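Dear colleague,

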Amino acid sequence: MEKSYNRLIEGNKKWVEDKLNLDPTYFKNLAKGQSPEFLWIGCSDSRVPANEITGTQSGEIFVHRNVANMVVHTDLNFLSVLQYAVQVLKVKHIIVCGHYGCGGVLTAMSKNNAGLVSNWLRNIKDVYQKHSSVLDAIEDETERANKLVEFNVIEQASNLARTSFVQEAWSERDLHVHAWVYGLDSGTIKELGVTIKGVEDLEEIYRYNLKQLV
């Protein structure tokens with residue numbers, strides 16, 4: 001057990017050494033602050049590291065991860081990240097990235113009681129119910145799960161656009177919300193053809209009248 005733990009510390013030392021060999025000022029520059037253009041909302045799955053799969057460096061992507069890349073309006077952790085990213089960092093793009101083979105999605109599709117996380121995954125069951133006519137017509141279970149992954153990402157992107165923080169940003173500047181899916185077996189990112197750019201892309205009921213805010 002200690003051997004596997006110590007491997008992380010030794011890996012950190014090697015990583016620091018490699019970075020300094022390439023750029024002696026790397027960490028000094030990094031410590032000056034961050035100005036990422038992107039907020040990444042991804043799954044907690046250890047196989048989907050945002051920086052690695054996008055070929056970006058430290059400081060380029062602000063990251064929030066949870067089980068099944070959810071955007072839940074009562075999640076204060078997520079809302080705090082979103083507010084900071086939008087209002088302070090002023091990111092230009094928000095990306096919701098799910099992945100095929102997501103354990104959270106597969107559990108949500110089943111009738112298994114997974115304990116506390118089942119309450120979290122109820123949100124995905126709602127997504128399934130919303131698109132049940134399409135999903136139930138897919139006989140292959142893997143294909144059905146993959147389609148639900150895509151539907152879930154699109155739904156979470158829509159949830160982002162329905163927040164007051166995003167709509168406040170739209171009243172002042174450009175901000176794009178994107179829906180992506182990552183393939184574990186291919187390493188490639190699939191854009192789902194969804195880019196939400198303003199309140200005009202929302203149903204009327206979800207649009208805030210920001211002029212009423214004091």
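Which residues form one aromatic cluster? The cluster is formed by W15, Y26 and F27. Please bear in mind that this is a predicted model, in which local features need pLDDT of at least 70 and side-chain atom pairs count only at pLDDT 80 or more, while totals for chains, interfaces and linings use all residues. Residues are numbered from 1 along each chain as its sequence is written, and side-chain values use heavy atoms, with hydrogens and water left out.

Searching the whole structure gives four aromatic pairs (rings of Phe, Tyr and Trp, the last by its six-membered ring, with centres within 6.5 Å; planes under 30 degrees apart are stacked, over 60 edge-to-face and the rest tilted). In one of them, W15 and F27 have ring centres 5.4 Å apart and planes at 75°, so this pair is edge-to-face. Because W15 belongs to helix α1 (residues 2-22) and F27 to helix α2 (residues 26-30), the pair ties together parts that are 12 residues apart in sequence (helices are DSSP runs of H or I with at least four residues, numbered from the N terminus). Y26 and F27 are also edge-to-face, since their ring centres lie 5.0 Å apart with the planes at 90°.

Finally, the charged end of R162 sits over the ring of Y206, 4.0 Å from its centre (the criterion being NZ of Lys or CZ of Arg within 6 Å of the ring centre and within 35 degrees of the ring normal), and K147 lies over the face of F151, at 5.3 Å from the ring centre.

How values were computed: Helices (H or I, at least four residues) and strands (E, at least two) are DSSP runs, numbered from the N terminus.
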